[in-house]
Amino acid sequence: MYAEAGMVPSSSRLREQWERVREALRGEFGEMAFRTWLRPLEVEGLDGDKLILAVPTQFMRDWIVSHYADRIRSLWSEVNPAVRSIALTVRPPRPRAGRPAPAPCTPATARTAAAAPAVDEPPLDELEELGARLDPRFTFESFVVGKPNEFAFAAAERVAMSDVPPFNPLFLYGGVGLGKTHLMHAIGWRIRQRSPHRRVIYLSAEKFMYQFVRALRAKETMQFKELFRSVDVLMVDDVQFISGKDSTQEEFFHTFNALIERGRQIVISADRSPADLSGLEERIRSRLSWGLVADIHPTTYELRLGILEAKAEQMGVAVPREVMEFLAAKITSNVRELEGALNRVVHASRFSGRPMTVAMCQEALQDLLRASERRITIDEIQRAVVEHYGLKLADMASARRSRSVARPRQVAMYLCKQLTTRSLPEIGRKFGGRDHTTVMHAIRTIERLRQEDPQIREDLEVLMRRLQG
Ligand code: ADP
Ligand code: MG
């Protein structure tokens, strides 16, 4: 199997391996991410056990390093065990022999400023194309308000009902499936209804990046900027995906500032607070919290029950009270799962003709219920780590800094971030009241070591398997 060790496989072998890795990546990350980030990569060669890939721009390099490099490396090691690490170098794409350069790079086909219509305001449909469609189900009317989300709801409604920004930006944050996207779409619908002339654009941070890269490649950055700066309301969803030091962050920031200076409304969402957005530069983070920061808390039993009632009514089905109570008590993770559970129960009942009962729910939702019972806690993680490294539980909270204790503690913090939904400050508290920046440092350290140190990698694999098994 290692017949090739020490010798450089021919480049065609590497390219063939890349084909296999690429197909796996396409399956895992989806077509859009694949086209934007992965397809432009080219195999440069192998340097010892380090595989070198070329990317067209620095910006893409940063993004790939922070999002895909780890996965590319492990897939490649599966295909070819001689590859143990990967490196990315920036090299602008070269024209393929015998063929003209790719179309977007030829000035003749790139859309130049002169060719674009000479108007200040781009047409609305062009803007809409840039954004994403609003989901007709996500309105204020269909949003169930309870203690955990009333503040965010009120803030969103306020933005939607004001002609000048009441606060800027509105920053919504909360865990997955708690209604951030729903509220943003609701703002969009309400504004379109109240003042159809206002230009509203909603898009995911990922799409923002994608548009930006596309504009860069087509040398259309000017149009890109103009287009974004012409909107009245800009909503960018899931900005935790804008991270890394790069030109998009810069562009995002400038667009953001330009719009705020012009009195346009900005709405941002993320899965964590501005302070916890570790991938963003400090000035951007602090700017994001200038307006109003509204968090959506995890659901309560009452809210879950209210949501189930509303959804059942929307679906036009009579769901027995005890079934709703059972679901509200058992499916606690987020609203998306709760909705999914209700849908499954309703369909199972329709399909089998059986009435909806608690017993029937238990059967139809077996896997979901098991998963929610097996939620991993910080305590469990600490116990597993302590056992694995032969330490005492007290070492997790102690101030000792010797590496034999400090490293396992960092591993434990890292696992807490990976396997639980606890925030950095919460994790810090469980480790002897450490600061969230200490936790962040630990996570970064382990992320790095995971790439560089096979021992740590193995420790993590063993521990993850044990905790998740
Ligand atoms: P997030 O963007 O925070 O991950 P979403 O906005 O996509 O979450 O919400 C997930 C699902 O749960 C959506 O179908 C949404 O309509 C629904 N949902 C979330 N919160 C509520 C709520 N308070 N009332 C009604 N539906 C909700
Ligand atoms: Mg969302």
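In this predicted model, a polar side-chain atom of T181 lies 2.7 Å from an oxygen atom of ligand 1. R336 also places a polar side-chain atom 2.9 Å from an oxygen atom of the ligand. V144 contributes through its backbone: an N or O atom lies 2.8 Å from a nitrogen atom of ligand 1. Taken alone, ligand 1 exposes 550 Å², of which the protein buries 94% (Shrake-Rupley method, 1.4 Å probe).

The shell around ligand 1 holds 18 residues, each with a heavy atom within 4 Å of the ligand. V144, G177, K180, T181 and H182 are the closest. Helices α7 (180-194), α12 (301-315) and α14 (335-352) each supply at least two shell residues. Domain 2 (119-296) and domain 3 (301-372) each provide at least three.

Five aromatic pairs were found in the whole structure (Phe, Tyr or Trp ring centres within 6.5 Å, with the six-membered ring used for Trp; planes under 30 degrees apart are stacked, over 60 edge-to-face, the rest tilted). The rings of W18 and W76 have centres 5.4 Å apart and planes at 5 degrees, so the pair is stacked. W18 lies in helix α1 (residues 11-29) and W76 in helix α4 (residues 69-79), so the pair ties together parts 58 residues apart in sequence. Both W18 and W76 are buried (under 20% relative accessible area).

The rings of F140 and F153 have centres 5.5 Å apart and planes at 85 degrees, so this pair is edge-to-face. F140 is buried at 4% relative accessibility, and F153 at 13%. F140, F143 and F153 form one aromatic cluster.

Residues are numbered from 1 along each chain as its sequence is written, chains are lettered from A and ligands numbered from 1 in the order in which they are written. Local features need pLDDT of at least 70, side-chain atom pairs count only at pLDDT 80 or more, totals for chains, interfaces and linings use all residues, and side-chain values use heavy atoms, with hydrogens and water left out.

Note on methods: A polar contact is a pair of N or O atoms within 3.5 Å; within protein, one must be able to donate a hydrogen and the other to accept it, and residues adjacent in sequence count only if both atoms are side-chain atoms. Helices (H or I, at least four residues) and strands (E, at least two) are DSSP runs, numbered from the N terminus. Domain bounds come from an automatic or database domain assignment. Buried means under 20% relative accessible area, exposed over 50%, partly exposed in between (1.4 Å probe, protein chains only).
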